[in-house]
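Thanks, everyone, for making the time this morning.

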Amino acid sequence: MARMKFLCDIERCIACNGCVVACKEGHQLPVGINRRRVVIINEGQPGEKSISIACMHCSDAPCIAVCPVGAIYQREDGIVLVNKDICIGCGYCFMACPFGAPQFPRGNAFGARGAMDKCTFCAGGPAPTFSEKERRLYGQNRIAEGKVPLCAGMCSTKALLAGDGAVIADIFRERVARRGSGIAWGWSKAYKE
Amino acid sequence: MTNSMNDIRHSRCIFMIGSNAAEAHPVALQHILYAKEVNGAPLIVVDPRFTKLAAKATEYVRIRPGTDTAFLMGLINYIIENDWHDKEFIRTRVAGFEEMRKVAAHYTPEVVEDITGISKEQLARVAKLLATYRPGTVIWCMGITQHHIGSSNTRACCILQLVLGNMGVSGGGTNIFRGHDNVQGATDVCVLSHSLPAYYGLKEGAWKHWCKVWGVDFEWIKSRFHNKEYLHKKGFTLARWYEGVIQEDKITQYTPIKAVVFWGCASNSQSQYHKLKRALDKLDLVVIIDPFPTTTAAMCEKDNVYILPSTSQYETEGSVTSSSRQAQWRYKVVDPIYESKTDYEIMEEFVKRFGFADKFYKNIKKVPEDVTREIARGALTIGLCGWLPERIKKHTDNWHTFDVDTLQAKGGPCDGEYYGLPWPCWTETHPGTPILYDISKPVTKGGLPFRARFGTEYTYPDGRKENLLAAPGVANPGSEVKGGYPEFPGWKTDINVIKEALKRGMAPFGNARARCYCWNFPDPVPVHREPLHSPRSDLIKKYPTYPDKPDHYRVYTRFASEQKVALSKEFPLILITGRMVEHMGGGAETRSNKYLAELAPEMYAEINIKVANDYGIRDGEYFWIESPEGGKIKVKAKVTDRVDEKTIFLPFHFGGFFMGKSLAHNYPEGHVPYALGEPANIVTNYGYDIITQIQATKEGLCRIRKA
């Protein structure tokens with residue numbers, strides 16, 4: 001079975017934020033919810049790098065391990081999803097995640113958090129596939145339509161790859177062999193194997 | 001662009017100067033990074049600012065703003081001195097090389113280092129890279145053009161490619177990235193004041209040609225003008241039209257300007273914006289045609305504004321031209337929403353009320369197809385003759401049949417043609433010209449020589465005579481004449497002449513040499529001239545600007561009288577502007593998009609940590625920037641290493657504030673953009689190109705103080 005992964009090629013990412021806007025627009029997210037972000041390090045200095053980050057859909061995902069109500073689960077293809085009907089908004093997952101993926105709606109009284117929201121790998125959620133409830137709570141389900149996630153589909157330089165881990169690793173390996181350097185950012189932390 | 005975006009995949013070296021394509025043309029980066037990775041092409045980025053593009057460079061060159069010509073001539077000189085120039089290419093296809101070489105000899109590595117701030121060692125390294133990795137592409141944008149010597153800068157880029165023999169080959173060329181999808185198309189139909197569509201100029205022959213195409217009487221057209229002089233007189237430009245209203249500089253027109261129409265144009269992209277505002281508040285009439293109430297609308301504080309809501313590109317259709325000279329059909333996605341009208345409808349309503357609909361629509365029964373057909377009938381100079389709506393649609397509908405590397409269709413309904421029929425597409429069966437000046441292919445298959453635009457022979461001031469036609473033996477395969485030849489008489493106005501030329505395997509516009517020495521320019525060979533507002537007062541005497549130009553597009557334009565040696569004492573910092581990826585142009589559309597506004601919500605100024613500390617300005621604090629012309633803006637400091645210790649950078653997409661005051665209350669209710677900010681152009685300086693009059697926004701001065 002395919003194991004879905006993200007890979008952002010830092011030699012290619014130009015910090016155009018196309019992935020971020022594609023995600024927000026495609027899923028009609030509220031302002032302030034960032035399922036995906038672009039981070040720039042060493043801005044303006046030689047060695048400046050940028051990278052697009054979202055939920056990495058980790059193997060042995062720490063968010064699943066710490067969730068006190070079992071709201072987060074992993075599909076067979078590796079995609080990690082949250083059930084918003086169960087989530088109590090405690091924020092443990094946010095503390096546990098090494099990538100800062102979990103997002104919480106803001107603006108409620110007394111700082112109360114609503115249900116956690118995060119990247120779904122464009123695979124919708126536990127509500128019936130293509131249902132109105134799924135769209136409202138989790139956004140589009142492009143995986144069920146046989147399409148790549150919006151962010152990777154939008155990427156102008158093909159820096160952000162999404163799909164079967166074996167396939168995208170091959171694409172990346174070929175690039176690295178050609179240009180002679182580079183590491184897949186975050187893979188050692190996220191996937192271990 | 002002489003080549004295409006896709007063709008950059010074949011480059012073995014990429015030289016980008018005055019371009020931050022990573023933010024301004026992010027999609028083009030896929031081809032650039034492909035060449036960098038697959039061909040191992042060095043990516044040389046020359047910019048005063050360490051941009052997002054510079055972050056991807058293998059060689060970053062920090063240059064003092066306004067000294068591009070000095071650097072480029074320095075490279076050319078160094079390449080020739082080391083005998084790295086392409087002697088065979090120069091012998092057969094280049095004119096004026098000797099004259100150019102003499103001028104370039106002044107720009108030794110030492111001289112260049114003093115002018116540009118680029119070390120001798122780095123100049124040598126870059127020259128060596130350019131010479132070693134061929135073919136290489138030279139890419140530039142507004143960082144090269146927006147100077148008082150912008151036209152010299154562009155020519156120096158072209159000469160560099162001629163010297164390297166990088167013209168007319170895949171992977172080479174001079175590639176100027178245009179803005180969004182139809183900037184090239186707008187240039188081709190010439191929404192400019194100095195020419196009729198397709199670069200015909202304004203002489204009587206040009207008018208008569210187009211009158212024939214439009215099917216209207218030349219005498220009637222003539223009668224529409226104030227008098228015959230104005231039929232042929234260049235108009236005001238976008239950069240300086242407001243002088244026609246406020247007349248700070250003397251105008252050469254019988255009347256001041258009384259009305260202005262902004263049709264999809266952002267006024268906050270024009271320099272000295274505080275003066276433009278004075279014009280807006282003085283005019284009898286301001287018409288804004290746009291999907292959004294723009295910054296211009298908010299800037300008008302007199303009751304003289306009409307806003308006509310037009311549709312977005314998704315609610316209408318027609319052909320658009322890409323930066324690579326390719327046409328594509330843009331189909332309608334949805335019907336116009338609310339009360340907005342398409343640009344075609346708005347134009348039609350105007351024309352009807354003006355009372356010349358019968359003449360205007362003589363050949364146009366179906367919009368927009370018949371408009372495209374009329375352009376094809378008239379634009380012979382650039383070979384749009386083959387751009388029929390059916391063909392353009394066929395390409396768009398079958399784009400999957402074209403090869404991403406060569407742009408050529410393999411099989412299918414467009415077999416053998418190049419995607420989008422890159423112009424010149426001489427006839428209804430011509431496949432398009434993917435690379436300009438490529439003599440390896442027959443003209444009928446997309447090959448092209450250099451144009452014989454300036455006669456067949458020229459005598460230089462020192463008495464040397466040179467044949468301007470290509471050397472014997474140099475012509476496209478299948479050419480009846482195996483060598484240089486002049487243009488075919490009448491090719492610009494008669495399609496039959498073009499067809500005859502092609503039948504003989506020849507280019508209608510001749511086969512000549514590219515000129516390094518342009519006698520019709522104020523500087524026949526590009527030379528460095530200090531910016532009007534220069535931080536290097538010691539260099540002004542040695543490299544002065546031009547004399548003033550009294551009638552430059554109908555307005556007195558100051559050069560020498562504006563170049564003051566003492567100015568940099570009062571205004572010690574260099575001011576440059578540019579783009580950010582989140583916003584587009586004047587930002588009317590993007591600042592009204594909640595997600596883009598969230599990503600880039602505020603106007604800011606990039607300031608180096610040293611400057612910030614010297615002035616006591618902390619990151620995120622407001623400070624004032626003031627221009628020599630009296631403009632001032634209050635902006636947030638973004639302390640960053642992107643700029644050096646002499647430079648302030650401003651993105652120019654913001655609007656809705658004016659010299660510290662919010663203009664939010666001037667927008668129609670419910671239409672205030674999510675992101676408002678001071679327009680950078682309030683503080684951009686006086687200064688215009690000597691030929692084109694483009695504003696010199698990439699070489700100004702300013703001073704700052706804590707708010």
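Which residue in S5(B) does B:Phe15 stand opposite? Please keep in mind, while you look for the pair, that this is a predicted model. The residue is B:Val138, which faces B:Phe15 from S5(B), and on the other strand to consider, S2(B), the bridge partner of B:Phe15 is B:Ile44.

Those two pairs belong to longer runs of pairing. Strand S1 of chain B is joined by five bridges to strand S5, residues 136-140 of chain B, and the two run parallel; four bridges join S1(B) to strand S2, residues 43-47 of chain B, again with the strands running parallel.

Is strand S1 of chain B enclosed or open to the outside? Five of its five residues, 13-17, are buried, so the strand is largely enclosed by the rest of the structure. B:Cys13, B:Phe15 and B:Ile17 point one way from S1(B), while B:Ile14 and B:Met16 point the other way, and all of them are buried.

Stepping back to the sheet, we find five strands in an open arrangement with parallel pairing, in the order S3-S2-S1-S5-S6 of chain B. The edges are strand S3 (59-62) and strand S6 (174-176) of chain B, each of which pairs on one side only, and from one strand to the next the twist averages 15°.

Let me turn to the contact between the chains, which takes 22 residues from chain B and 21 residues from chain A. On the side of chain B that touches chain A, the elements giving two or more residues are helix H2 (29-38) and helix H24 (594-599) of chain B, and the residues of that side divide into 12 nonpolar, two polar and eight charged.

Finally, chain A itself has seven helices and six strands. A compact globule of 193 residues would have a radius of gyration near 16 Å, and chain A, with 16 Å, agrees with that. The C-alpha trace of chain A spans about 50 × 40 × 30 Å along its principal axes, and 41% of its 193 residues count as buried.

Conventions:
Residues are numbered from 1 along each chain as its sequence is written. Chains are lettered from A and ligands numbered from 1 in the order in which they are written. This is a predicted model: local features need pLDDT of at least 70, side-chain atom pairs count only at pLDDT 80 or more; totals for chains, interfaces and linings use all residues. Two residues are in contact if their C-beta atoms, placed from the backbone, lie within 7 Å. Ala, Val, Leu, Ile, Met, Phe, Trp, Tyr, Cys and Pro count as nonpolar, Asp, Glu, Lys and Arg as charged, and the others, Gly among them, as polar. A residue is buried if 20 or more other C-beta atoms lie within 10 Å of its own, exposed if 12 or fewer, and partly exposed in between; C-beta atoms are placed from the backbone. Two strands pair if DSSP finds at least two bridges between them. The radius of gyration is taken over C-alpha atoms; the globule rule is 2.2 Å times the number of residues to the power 0.38. Axes are lines fitted to C-alpha atoms, for helices over the stretch in contact, and angles run from 0 to 180 degrees between N-to-C directions.
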